[in-house]
Amino acid sequence: MPGYFIYCRKSSEAEDRQVLSIESQTRELELLAVKLNVTVADILIESKSAKDPGRPVFNQMMQRLYRGEAAGIICWKLDRLARNPVDGGSIIWAIKQHGIKVMTPAQSYAREDDNIILMYIEFGMAQKYVDDLSKNVKRGIKTKIENGWYPGFAPAGYLNHTDKVTGGNTLVRDPERFLLVRRMWDLMLTGLYTPPRILEIASNEWGLRTRTTRKKGGSPLCRSALYKIFNRPFYYGWFEYPKGSGQWYQGKHEPMITEAEYDRVQTFLGRHGNPRAQSQREFAFTGLIRCGDCGRAVTAEEKHQLICVKCHFKFAYRRHKACPQCKSPIEKMASPLFLHYTYYHCSKSGRPLCSQKYLSERELEKQINEALARICISQQFKEWAIKYLHELHGQESMTQTAINEAQQKAYQECVREIDNLVKLKTSPANADGSQLSDEEYRQRRGMLLKAKVTLEESLRNAGQRIEQQLRLSEQIFEFACTVQERFTKGDPKTKKEILTTMSSNLILKDKKLLIEARKPFFILGNVLAPEKPVFSPIEPEKTKAAYGQMIPSLLLRPLVRGQGDDVRTSMRKAERAAALIYAHFKREFVSGRGGVGMGGLSHAGSMDDWKY
């Protein structure tokens, strides 16, 4: 009587990480064969995923079964045999047509056992597991790249890192190789070293080796790997996924170089068409400023230029391989001067064309920083102001408690009047309407219901209103305390949010930015600088802002405002600013405009109603 094939399979993929190893499967199945008193014809071992048909060992086993070399199969579980409908169907077909038997430690399957339906279910569950696993993996990768993390094996100079608490996978600096890879970029940026020479220095003098993994690593970089490093936008903070898709993402990993440095290396390599992030750069102030001459939007523009070493001609190098004037190749220039500018100017769309000149980003940020200096306060000033805000809030809460008690009494009296009105209307004495006519009932009931709704709304919103007054007032001082530091160190998005939060109606004319501050910051600026402000002589003709409400461009003072005063004067200023700003928000709520909210002061456009 022919024996049985023992089939053991283990995939290297994540789906089988919890499955017994090949050795463990073999040992357990041999013991099962002894227990069942069957002969082992052969032990077949395979290390390949079963999610797709085409496994060579499995196919050979099926051919041998069809030839009658064995009576059946012994396996650990049915999912070891198949995780796809093709292979699963071949097993079921062999049982039905050839009478083979499949045995596992849990159950046996044979034509005479009449339990083939269970195999359909088992194979279906195995296939469903693979489908779900694929969806979960793709969803995980999509979430990861949308969060700004590169999926897959970390490039040279970086390490894959798994957070032990959250389980999140990120990229961190490789402490052994990050600085060495950066030094290779530095050598390439000098224009004095070729990639083969840099590779020789890194491998022989620095001892740079690839990261060691289970299967490879620990060897010097090859030349193609070095060119791959110099060609990857990943090193200045962008990556494409999937490769060749044209979908670019800004990574959250620490960039090793700047985009300008990447562009310069590409010119040395003579590769102007290398892949790069095609998404538009995010400019900090576009969409916020209007031209003071024609009223059109102010836009931004980048310039990447190079000064030729030979003829000193300046030109845009990204679209040229050589100097347009003297024809000197860029890649052969010794240390050319690379220039990178960002300008803001009127979009000048339509006719007639606007005559306003451009303004550099550096000068524009300087003017904004000077305006921010008007409202920037010290930590001590903030603490004094917030302390006084809580004192005002305590007084307001006491007053509000008395108001609430009065409103509660008025509400209860209103409810009693409505009840009495209904009783009077429905009383037998008023059957003929002599005491209260339908028209009188309708009018008095409508007035009482309207008063009841008003009192309910007041009681419901009173506590929330005064708490929000305090929160918004505190946020003004929190914002003013750190605004200059955040603006100086912030990315374009942060700078845009800061400018939108503290100002509106931005006008650019004759290279001067005119800022209309929002009311709370105007109050704070006036308290900090009580002297009569000096206004810029240049004012756009079409601006709707009233005189006396513009923040002029002042020279940035060396001290944060409030630090030059004595302690008592600064404390009085803090208390005065707190009182005025708290009163401002109180008026806004009373007038019905206080429900707008500031969204933490960092939400762009959150104070659109609070203008001068």
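This is a predicted model: local features need pLDDT of at least 70, side-chain atom pairs count only at pLDDT 80 or more; totals for chains, interfaces and linings use all residues.

How are H7 and H8 oriented to each other: parallel, antiparallel, perpendicular or oblique?

1. Residues are numbered from 1 along each chain as its sequence is written, and side-chain values use heavy atoms, with hydrogens and water left out.

2. Helix H7 (residues 223-231) and helix H8 (residues 259-269) pack at an angle of about 130°, and their axes are 9 Å apart. H7 and H8 are therefore oblique to each other (angles under 35 degrees count as roughly parallel, over 145 as roughly antiparallel, 65 to 115 as roughly perpendicular and the rest as oblique). The axes are lines fitted to C-alpha atoms, for helices over the stretch in contact, and the angles run from 0 to 180 degrees between N-to-C directions. Helices (H or I, at least four residues) and strands (E, at least two) are DSSP runs, numbered from the N terminus.

3. The contact (heavy atoms within 4.5 Å) is made on the H7 side by Tyr-227, Phe-230 and Asn-231, and on the H8 side by Tyr-262, Val-265, Gln-266 and Leu-269. Sorted by class, this contact of H7 with H8 has 5 nonpolar, 2 polar and no charged residues (Ala, Val, Leu, Ile, Met, Phe, Trp, Tyr, Cys and Pro count as nonpolar, Asp, Glu, Lys and Arg as charged, and the others, Gly among them, as polar).

4. An open sheet is formed by 4 strands in the order S12-S11-S13-S14, with antiparallel pairing (two strands pair if DSSP finds at least two bridges between them). Strand S12 (314-316) and strand S14 (359-360) stand at the edges, each with a single partner strand, so one side of each is left without a neighbour in the sheet. Strand S11 (residues 298-307) pairs with S12 in the antiparallel sense over 3 bridges, and the bridge partner of Ile-307 in S12 is Lys-314.

5. The count of salt bridges comes to 21, where a salt bridge is a side-chain nitrogen of Lys or Arg within 4 Å of a carboxyl oxygen of Asp or Glu. Asp-42, Arg-64, Arg-67 and Glu-69 are linked in a network of such bridges.

6. Arg-177 and Glu-176 meet in a salt bridge at 3.7 Å, N to O; Arg-177 is buried, at 14% relative accessible area, whereas Glu-176 is exposed at 57% (buried means under 20% relative accessible area, exposed over 50%, partly exposed in between, with a 1.4 Å probe and protein chains only). In the salt bridge of Glu-301 with Lys-303, the N to O distance is 3.1 Å, and Glu-301 is partly exposed at 32%, as is Lys-303 at 31%.

7. Some backbone details deserve a check by eye. The peptide bond from Tyr-241 to Pro-242 is cis, with omega near -10°, and Pro-242 is found in the loop between strand S8 (238-240) and strand S9 (248-250). Lys-327, although not a glycine, has a positive phi of about 65°; this residue is found in the loop between S12 and strand S13 (337-346) and is exposed at 59% relative accessibility. Lys-511 also has a positive phi, near 65°, and its place is in the loop between strand S15 (503-509) and strand S16 (512-517), where Lys-511 is partly exposed at 40%.
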